[in-house]
Amino acid sequence: MVTNTVFGLTVGLLSLYGCIHTTVSSATDNDIRGEHGRIIKKMQNEEISTFRPNLHGPAVDVVCYILLQSFGDINAMSMDYTVDVDFYIQWMDDRLHHNTSDLVFQTVESIKKFWLPDLYFENEKSGALHSVLSENIALLLEPNGNITYSTRLMLTLSCHMELELFPLDVQKCTLRVKSYAYNSDHVLLHWRGFNPIIENSEIGRASCRERV
């Protein structure tokens, strides 16, 4: 288990606009349902979830970005901060090419059939998946095998704070992401090259600077 990437942010505001974009296609509902079923069956038969893409080849490039829905407490006593985020992960699995429009999977059972890069937040103290009405997870599979996985999370993250200049202090806290199961020979983590954090215009009470 190795540190593949670390993303730093200045406590104040962290936000992004991110979404799963689907392509417009002339495929019929029957085409989409048929291809959806074929992909599920293929993953079951070939145990796709067990082995990473390019098993004997280069490491899988995994790109991350975040949409901050809200910025909660910054607690100097417990040295942590709370954020409500949509976390997005993208990678390519060329075993899953298909011949219709983008396919969206929204249940835990279907998503478990995909190979996932097994990420976690190294400095997380606690976290919860939003599940009001339904669990807030989705996986989009494009025809070329490109995958975007998203989930909405409430996270409390540790942050060592230097308080000598309080109340004129500026704190820098990190959000650190690792793959639990894979080292950098198998998974290479990157923050998205453009807008890894996108500012939510509804959160304007502070400012944020980010660095990769």
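Author: Residues are numbered from 1 along each chain as its sequence is written, and side-chain values use heavy atoms, with hydrogens and water left out. The model is predicted: local features need pLDDT of at least 70, side-chain atom pairs count only at pLDDT 80 or more, and totals for chains, interfaces and linings use all residues.

Reader: Why is T82 called buried?

Author: Buried means under 20% relative accessible area, exposed over 50%, and partly exposed in between, with a 1.4 Å probe and protein chains only. T82 has 17%, so T82 counts as buried.

Reader: Why is L67 called buried?

Author: The value for L67 is 6%, so L67 is buried by that cut-off. L67 lies in strand β2. L67 and P196 are 129 residues apart in sequence and 8.5 Å apart in space, C-alpha to C-alpha.

Reader: What makes the pair T82 and T156 a polar contact?

Author: A polar contact is a pair of N or O atoms within 3.5 Å; within protein, one must be able to donate a hydrogen and the other to accept it, and residues adjacent in sequence count only if both atoms are side-chain atoms. The side chains of T82 and T156 make such a contact at 3.2 Å.

Reader: Which residues does T82 touch?

Author: Contact means heavy atoms within 4.5 Å. Leaving out residues up to four places away in sequence, T82 touches F71, G72, D73, M154, L155 and T156.

Reader: What makes T82 part of a strand?

Author: Helices (H or I, at least four residues) and strands (E, at least two) are DSSP runs, numbered from the N terminus. T82 has its place in strand β3. The protein chain has two helices and twelve strands.

Reader: What makes up the largest nonpolar core?

Author: A nonpolar core is a set of buried Ala, Val, Leu, Ile, Met, Phe, Trp, Tyr and Cys residues joined through side-chain atoms within 4.5 Å. The largest one has 40 residues. F87, F105 and L141 have the most contacts inside it. Among the elements that each supply at least two residues of this core are α1 (29-46) and β2 (60-75).

Reader: How much of the protein chain counts as buried?

Author: Of its 212 residues, 43% count as buried.
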